[in-house]
Amino acid sequence: MSANVMSAAGPSQGAKAPSGGSAAHAVASVGAMPQTLLKVSDLHAWYGESHILHGVDFEIREGELVTLLGRNGAGRSTTLKAILGLVGKRSGSIQVGGVETVHMLTNKIARLGLGYCPEERGIFSTLSCEENLLLPPKVGEGGMSIDEIYSMFPNLKERRHSPGTRLSGGEQQMLAMARILRSGAKVLLLDEITEGLAPVIVQTLGRVIRALKAKGLTIILVEQNFRFAAPLADRHYVMEHGKIVAVVDKSELQDKTALLQEFLGV
Ligand SMILES: Nc1ncnc2c1ncn2[C@@H]1O[C@H](COP(=O)(O)OP(=O)(O)OP(=O)(O)O)[C@@H](O)[C@H]1O
Ligand SMILES: [Mg+2]
(Lines give C-alpha, C1' and ligand atoms only; values in the text may rest on other atoms or scores of the structure.)
(Ligands and ions follow the chains in the order given, each with its own letter.)
Protein backbone atom coordinates (compact mmCIF):
# COMPACT_ATOMS: atom_id res chain seq x y z
CA MET A 1 0.00 0.00 0.00
CA SER A 2 1.27 3.42 -0.78
CA ALA A 3 -0.62 6.63 -1.02
CA ASN A 4 0.84 10.03 -0.88
CA VAL A 5 0.83 13.65 -1.74
CA MET A 6 2.32 15.89 -4.31
CA SER A 7 2.01 19.51 -3.39
CA ALA A 8 -0.12 22.25 -2.03
CA ALA A 9 -1.62 22.77 -5.46
CA GLY A 10 -5.28 21.88 -5.22
CA PRO A 11 -7.22 20.20 -7.98
CA SER A 12 -6.26 21.61 -11.35
CA GLN A 13 -8.19 24.51 -12.74
CA GLY A 14 -10.35 22.37 -14.93
CA ALA A 15 -7.43 21.36 -17.14
CA LYS A 16 -8.65 19.03 -19.83
CA ALA A 17 -7.17 16.85 -22.51
CA PRO A 18 -6.86 18.50 -25.89
CA SER A 19 -8.80 15.55 -27.26
CA GLY A 20 -11.63 16.30 -24.84
CA GLY A 21 -14.28 16.14 -27.53
CA SER A 22 -16.74 18.82 -26.42
CA ALA A 23 -16.58 22.42 -27.52
CA ALA A 24 -15.99 23.48 -23.92
CA HIS A 25 -12.93 21.28 -23.72
CA ALA A 26 -11.63 22.56 -27.04
CA VAL A 27 -11.91 26.16 -25.83
CA ALA A 28 -10.33 25.34 -22.46
CA SER A 29 -7.29 23.83 -24.12
CA VAL A 30 -6.51 26.71 -26.47
CA GLY A 31 -3.18 28.24 -25.57
CA ALA A 32 -2.79 26.19 -22.38
CA MET A 33 -1.81 22.63 -23.02
CA PRO A 34 -2.18 20.68 -19.78
CA GLN A 35 1.09 19.58 -18.29
CA THR A 36 2.30 16.01 -18.84
CA LEU A 37 2.18 14.52 -15.36
CA LEU A 38 3.51 11.08 -16.17
CA LYS A 39 5.71 10.08 -19.07
CA VAL A 40 6.83 6.48 -19.34
CA SER A 41 9.46 5.71 -22.00
CA ASP A 42 11.04 2.39 -22.93
CA LEU A 43 10.14 0.91 -19.55
CA HIS A 44 11.47 -2.58 -18.89
CA ALA A 45 10.72 -4.47 -15.68
CA TRP A 46 11.77 -7.75 -14.14
CA TYR A 47 10.59 -9.95 -11.28
CA GLY A 48 13.81 -11.75 -10.39
CA GLU A 49 15.07 -13.21 -13.67
CA SER A 50 11.68 -12.88 -15.40
CA HIS A 51 11.72 -10.05 -17.91
CA ILE A 52 8.06 -8.90 -17.93
CA LEU A 53 7.89 -5.40 -19.47
CA HIS A 54 9.64 -4.94 -22.81
CA GLY A 55 9.68 -1.23 -23.56
CA VAL A 56 6.41 0.37 -22.43
CA ASP A 57 5.69 3.90 -23.69
CA PHE A 58 2.75 6.08 -22.73
CA GLU A 59 1.96 9.42 -21.20
CA ILE A 60 -0.83 11.17 -19.40
CA ARG A 61 -1.55 14.87 -19.02
CA GLU A 62 -3.08 16.61 -16.06
CA GLY A 63 -6.81 15.93 -15.84
CA GLU A 64 -6.77 13.03 -18.29
CA LEU A 65 -8.01 9.52 -17.73
CA VAL A 66 -6.31 6.75 -19.65
CA THR A 67 -6.78 3.01 -19.48
CA LEU A 68 -4.36 0.15 -19.71
CA LEU A 69 -6.30 -2.66 -21.33
CA GLY A 70 -5.20 -6.17 -22.17
CA ARG A 71 -5.67 -9.84 -21.61
CA ASN A 72 -4.64 -11.62 -18.42
CA GLY A 73 -0.90 -11.52 -17.97
CA ALA A 74 -0.36 -8.70 -20.48
CA GLY A 75 1.65 -6.71 -17.93
CA ARG A 76 -0.85 -4.05 -16.86
CA SER A 77 -0.44 -4.53 -13.09
CA THR A 78 3.30 -4.82 -13.55
CA THR A 79 3.29 -1.44 -15.32
CA LEU A 80 1.63 0.22 -12.33
CA LYS A 81 3.99 -1.56 -9.93
CA ALA A 82 7.01 -0.58 -12.02
CA ILE A 83 5.93 3.08 -11.95
CA LEU A 84 5.92 2.86 -8.15
CA GLY A 85 9.19 0.95 -7.91
CA LEU A 86 7.50 -2.21 -6.67
CA VAL A 87 9.18 -4.63 -9.08
CA GLY A 88 12.56 -6.33 -8.79
CA LYS A 89 14.38 -4.26 -11.38
CA ARG A 90 13.37 -1.67 -13.96
CA SER A 91 15.04 0.40 -16.65
CA GLY A 92 14.01 3.13 -19.05
CA SER A 93 12.46 6.41 -17.98
CA ILE A 94 9.50 7.30 -15.77
CA GLN A 95 9.03 11.04 -15.39
CA VAL A 96 6.54 12.25 -12.80
CA GLY A 97 5.85 15.95 -13.22
CA GLY A 98 9.13 16.22 -15.14
CA VAL A 99 11.16 14.46 -12.42
CA GLU A 100 12.98 11.25 -13.39
CA THR A 101 12.00 8.53 -10.90
CA VAL A 102 13.37 5.34 -12.40
CA HIS A 103 16.13 5.19 -9.77
CA MET A 104 14.01 6.41 -6.83
CA LEU A 105 12.61 4.37 -3.96
CA THR A 106 8.87 3.82 -3.63
CA ASN A 107 8.20 6.20 -0.74
CA LYS A 108 9.93 9.05 -2.54
CA ILE A 109 8.07 8.33 -5.78
CA ALA A 110 4.71 8.26 -4.00
CA ARG A 111 5.45 11.68 -2.50
CA LEU A 112 5.50 13.13 -6.00
CA GLY A 113 1.73 12.67 -5.94
CA LEU A 114 1.00 9.11 -6.97
CA GLY A 115 -1.79 7.20 -5.25
CA TYR A 116 -1.89 3.47 -5.87
CA CYS A 117 -4.90 1.25 -5.42
CA PRO A 118 -3.61 -2.32 -5.83
CA GLU A 119 -5.65 -5.27 -7.05
CA GLU A 120 -5.62 -6.81 -3.59
CA ARG A 121 -6.97 -3.59 -1.98
CA GLY A 122 -4.97 -3.95 1.25
CA ILE A 123 -7.71 -3.24 3.80
CA PHE A 124 -6.64 -4.09 7.36
CA SER A 125 -9.20 -6.48 8.80
CA THR A 126 -8.55 -5.66 12.46
CA LEU A 127 -9.03 -1.92 11.95
CA SER A 128 -12.36 -0.17 11.54
CA CYS A 129 -13.38 1.38 8.27
CA GLU A 130 -12.49 4.85 9.56
CA GLU A 131 -9.17 3.71 11.05
CA ASN A 132 -8.27 2.26 7.66
CA LEU A 133 -9.20 5.55 6.07
CA LEU A 134 -7.04 7.58 8.45
CA LEU A 135 -4.06 5.25 8.24
CA PRO A 136 -1.97 6.57 5.35
CA PRO A 137 0.14 9.56 6.28
CA LYS A 138 -1.15 12.89 5.13
CA VAL A 139 1.81 14.54 3.49
CA GLY A 140 1.30 18.16 2.48
CA GLU A 141 -1.93 19.79 1.42
CA GLY A 142 -4.57 19.16 -1.17
CA GLY A 143 -6.12 15.90 0.03
CA MET A 144 -9.87 15.54 0.45
CA SER A 145 -11.29 16.08 3.94
CA ILE A 146 -13.12 13.30 5.76
CA ASP A 147 -16.40 15.18 5.19
CA GLU A 148 -15.77 15.42 1.46
CA ILE A 149 -14.90 11.74 1.37
CA TYR A 150 -18.02 10.76 3.27
CA SER A 151 -20.21 12.81 0.97
CA MET A 152 -18.63 11.05 -2.01
CA PHE A 153 -18.93 7.62 -0.34
CA PRO A 154 -21.98 7.71 1.97
CA ASN A 155 -21.69 3.94 2.55
CA LEU A 156 -18.32 4.44 4.21
CA LYS A 157 -19.82 6.95 6.61
CA GLU A 158 -22.53 4.49 7.60
CA ARG A 159 -19.96 1.76 8.05
CA ARG A 160 -17.23 3.83 9.66
CA HIS A 161 -17.14 1.81 12.89
CA SER A 162 -17.34 -1.59 11.19
CA PRO A 163 -14.21 -3.72 11.15
CA GLY A 164 -12.49 -4.14 7.79
CA THR A 165 -13.53 -7.79 7.65
CA ARG A 166 -17.22 -6.89 7.78
CA LEU A 167 -17.13 -4.64 4.75
CA SER A 168 -18.49 -5.96 1.46
CA GLY A 169 -16.21 -6.19 -1.57
CA GLY A 170 -17.67 -2.96 -2.90
CA GLU A 171 -17.18 -1.15 0.41
CA GLN A 172 -13.60 -2.37 0.61
CA GLN A 173 -12.95 -1.09 -2.90
CA MET A 174 -14.43 2.31 -2.06
CA LEU A 175 -12.37 2.43 1.12
CA ALA A 176 -9.19 1.60 -0.80
CA MET A 177 -9.91 4.51 -3.17
CA ALA A 178 -11.04 6.91 -0.44
CA ARG A 179 -7.81 6.29 1.43
CA ILE A 180 -5.65 7.59 -1.41
CA LEU A 181 -7.94 10.61 -1.98
CA ARG A 182 -7.47 11.66 1.60
CA SER A 183 -3.70 11.51 1.29
CA GLY A 184 -3.76 14.15 -1.46
CA ALA A 185 -2.52 12.09 -4.42
CA LYS A 186 -3.01 13.86 -7.77
CA VAL A 187 -2.37 10.92 -10.08
CA LEU A 188 -4.41 7.82 -9.25
CA LEU A 189 -3.24 4.39 -10.40
CA LEU A 190 -6.26 2.12 -10.05
CA ASP A 191 -5.90 -1.60 -10.68
CA GLU A 192 -9.07 -3.49 -11.67
CA ILE A 193 -11.34 -1.63 -9.28
CA THR A 194 -14.49 -3.19 -10.73
CA GLU A 195 -13.31 -6.78 -10.52
CA GLY A 196 -15.81 -9.11 -8.90
CA LEU A 197 -18.25 -6.35 -7.97
CA ALA A 198 -22.00 -6.29 -8.54
CA PRO A 199 -23.25 -4.12 -11.44
CA VAL A 200 -24.83 -1.59 -9.10
CA ILE A 201 -21.50 -1.06 -7.30
CA VAL A 202 -19.71 -0.78 -10.63
CA GLN A 203 -22.15 2.00 -11.56
CA THR A 204 -21.38 3.80 -8.30
CA LEU A 205 -17.66 3.53 -9.02
CA GLY A 206 -18.30 4.99 -12.46
CA ARG A 207 -19.96 8.03 -10.86
CA VAL A 208 -17.08 8.39 -8.41
CA ILE A 209 -14.53 8.27 -11.22
CA ARG A 210 -16.40 10.98 -13.13
CA ALA A 211 -16.51 13.15 -10.02
CA LEU A 212 -12.76 12.70 -9.46
CA LYS A 213 -12.03 13.57 -13.06
CA ALA A 214 -14.22 16.66 -12.75
CA LYS A 215 -12.10 17.68 -9.75
CA GLY A 216 -9.08 17.64 -12.05
CA LEU A 217 -7.48 14.41 -10.86
CA THR A 218 -5.41 12.43 -13.34
CA ILE A 219 -6.27 8.75 -13.52
CA ILE A 220 -4.77 5.56 -14.92
CA LEU A 221 -7.31 2.80 -14.94
CA VAL A 222 -6.27 -0.82 -15.42
CA GLU A 223 -9.41 -2.59 -16.54
CA GLN A 224 -10.81 -5.80 -17.97
CA ASN A 225 -14.27 -4.29 -18.05
CA PHE A 226 -14.15 -2.32 -21.28
CA ARG A 227 -17.80 -1.30 -21.03
CA PHE A 228 -17.00 0.40 -17.74
CA ALA A 229 -13.84 2.05 -19.01
CA ALA A 230 -14.95 3.15 -22.48
CA PRO A 231 -17.21 6.08 -21.54
CA LEU A 232 -14.77 7.36 -18.91
CA ALA A 233 -11.47 7.41 -20.76
CA ASP A 234 -9.79 10.00 -22.96
CA ARG A 235 -7.50 7.36 -24.40
CA HIS A 236 -6.89 3.63 -24.26
CA TYR A 237 -3.54 1.87 -24.31
CA VAL A 238 -3.70 -1.81 -25.20
CA MET A 239 -0.95 -4.05 -23.80
CA GLU A 240 0.24 -7.41 -24.99
CA HIS A 241 3.32 -9.34 -23.85
CA GLY A 242 4.66 -6.44 -21.82
CA LYS A 243 4.32 -3.75 -24.50
CA ILE A 244 1.80 -1.19 -25.69
CA VAL A 245 0.49 -2.55 -28.98
CA ALA A 246 -2.29 -0.07 -29.74
CA VAL A 247 -3.39 3.42 -28.73
CA VAL A 248 -7.02 4.37 -29.26
CA ASP A 249 -8.28 7.87 -28.63
CA LYS A 250 -11.89 8.16 -27.49
CA SER A 251 -12.73 9.91 -30.78
CA GLU A 252 -11.62 6.74 -32.63
CA LEU A 253 -13.54 4.26 -30.50
CA GLN A 254 -16.33 3.57 -32.96
CA ASP A 255 -13.95 2.88 -35.83
CA LYS A 256 -11.63 0.76 -33.75
CA THR A 257 -14.06 -1.35 -31.73
CA ALA A 258 -13.36 -4.46 -33.81
CA LEU A 259 -9.62 -4.00 -33.38
CA LEU A 260 -9.99 -3.59 -29.62
CA GLN A 261 -12.20 -6.65 -29.36
CA GLU A 262 -9.60 -8.65 -31.21
CA PHE A 263 -6.83 -7.49 -28.87
CA LEU A 264 -8.91 -8.07 -25.77
CA GLY A 265 -10.33 -11.38 -26.93
CA VAL A 266 -13.92 -10.37 -26.18
N1 LIG B 1 5.57 -11.45 -8.59
C2 LIG B 1 5.74 -12.00 -9.80
N3 LIG B 1 6.81 -12.80 -10.06
C4 LIG B 1 7.01 -13.35 -11.27
N5 LIG B 1 6.19 -13.15 -12.34
C6 LIG B 1 5.11 -12.38 -12.14
C7 LIG B 1 4.82 -11.76 -10.87
N8 LIG B 1 3.69 -11.04 -10.99
C9 LIG B 1 3.29 -11.20 -12.27
N10 LIG B 1 4.13 -12.00 -12.95
C11 LIG B 1 4.03 -12.37 -14.37
O12 LIG B 1 4.13 -11.17 -15.13
C13 LIG B 1 3.26 -11.21 -16.27
C14 LIG B 1 2.39 -9.98 -16.26
O15 LIG B 1 1.58 -10.00 -15.09
P16 LIG B 1 0.62 -8.80 -14.68
O17 LIG B 1 0.18 -9.09 -13.29
O18 LIG B 1 1.31 -7.53 -14.93
O19 LIG B 1 -0.56 -9.00 -15.71
P20 LIG B 1 -1.92 -8.19 -15.89
O21 LIG B 1 -1.92 -7.59 -17.23
O22 LIG B 1 -2.13 -7.30 -14.73
O23 LIG B 1 -3.01 -9.33 -15.94
P24 LIG B 1 -3.89 -9.99 -14.78
O25 LIG B 1 -4.14 -8.99 -13.70
O26 LIG B 1 -5.12 -10.41 -15.46
O27 LIG B 1 -3.06 -11.16 -14.33
C28 LIG B 1 2.48 -12.53 -16.16
O29 LIG B 1 3.09 -13.45 -17.00
C30 LIG B 1 2.65 -12.92 -14.71
O31 LIG B 1 2.64 -14.32 -14.58
MG1 LIG C 1 -3.33 -7.37 -13.11
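**Conventions**

I number residues from 1 along each chain as its sequence is written, and I letter chains from A and number ligands from 1 in the order in which they are written. Because the model is predicted, local features need pLDDT of at least 70 and side-chain atom pairs count only at pLDDT 80 or more, while totals for chains, interfaces and linings use all residues.

**Entry 1: confidence and overall make-up**

I looked up the pLDDT, the predictor's confidence in each residue on a scale from 0 to 100. Its mean over the protein is 86, and 86% of the residues reach 70 or more. Residues 1-29 have pLDDT below 50, yet in the model this stretch has 74 contacts beyond near neighbours in sequence.

I find 10 helices and 11 strands in the protein. These are DSSP runs numbered from the N terminus, with helices being H or I of at least four residues and strands E of at least two. Of the 266 residues, 43% count as buried. I call a residue buried if 20 or more other C-beta atoms lie within 10 Å of its own, exposed if 12 or fewer, and partly exposed in between, with C-beta atoms placed from the backbone. Among contacts with a separation of 6 or more, 71% join residues 24 or more positions apart.

I then checked burial along helix 2, where seven of eight residues are buried. They are Arg76, Thr78, Thr79, Leu80, Lys81, Ala82 and Ile83. Just after helix 2, Gly85 has a positive phi of about 75 degrees.

**Entry 2: Cys117**

I located Cys117 in strand 7 (residues 114-117). Cys117 counts as buried because 26 other C-beta atoms lie within 10 Å. Leaving aside neighbours within four places in sequence, the contacts of Cys117 include Ala176, Met177, Ile180, Leu188 and Leu189.

Most residues other than glycine have a negative phi, so I noted the exceptions. Arg121 has a positive phi of about 65 degrees and sits in the loop between strand 7 and helix 4 (129-134). Glu192 has a phi near 50 degrees and lies in the loop between strand 8 (187-191) and helix 8. Arg121 is buried, with 20 other C-beta atoms within 10 Å, and Glu192 is buried with 20 as well.

**Entry 3: helix 8**

The buried residues of helix 8 are Leu205, Ile209 and Leu212. Seen down the helix axis, they fall within an arc of 65 degrees, so they line one face of helix 8. The arc is taken over the directions from the helix axis to the C-beta atoms. On the other side, Pro199, Val200, Arg207, Ala211 and Ala214 are exposed. Strand 9 (218-222) is included in what covers the buried residues. Gly216, following helix 8, has a positive phi near 95 degrees.

**Entry 4: Glu252 and helix 10**

I placed Glu252 in the loop between strand 11 (243-249) and helix 10 (253-264). Glu252 counts as partly exposed, with 15 C-beta neighbours inside 10 Å. Between Glu252 and Arg235, 17 residues apart in sequence, the C-alpha distance is 9.2 Å.

Helix 10 spans only 14 Å between its end C-alpha atoms, whereas a straight helix of 12 residues would span 16 Å. Just after helix 10, Gly265 takes a positive phi of about 65 degrees.

Terms used: Two residues are in contact if their C-beta atoms, placed from the backbone, lie within 7 Å. The expected span of a helix is 1.5 Å times one less than its number of residues.
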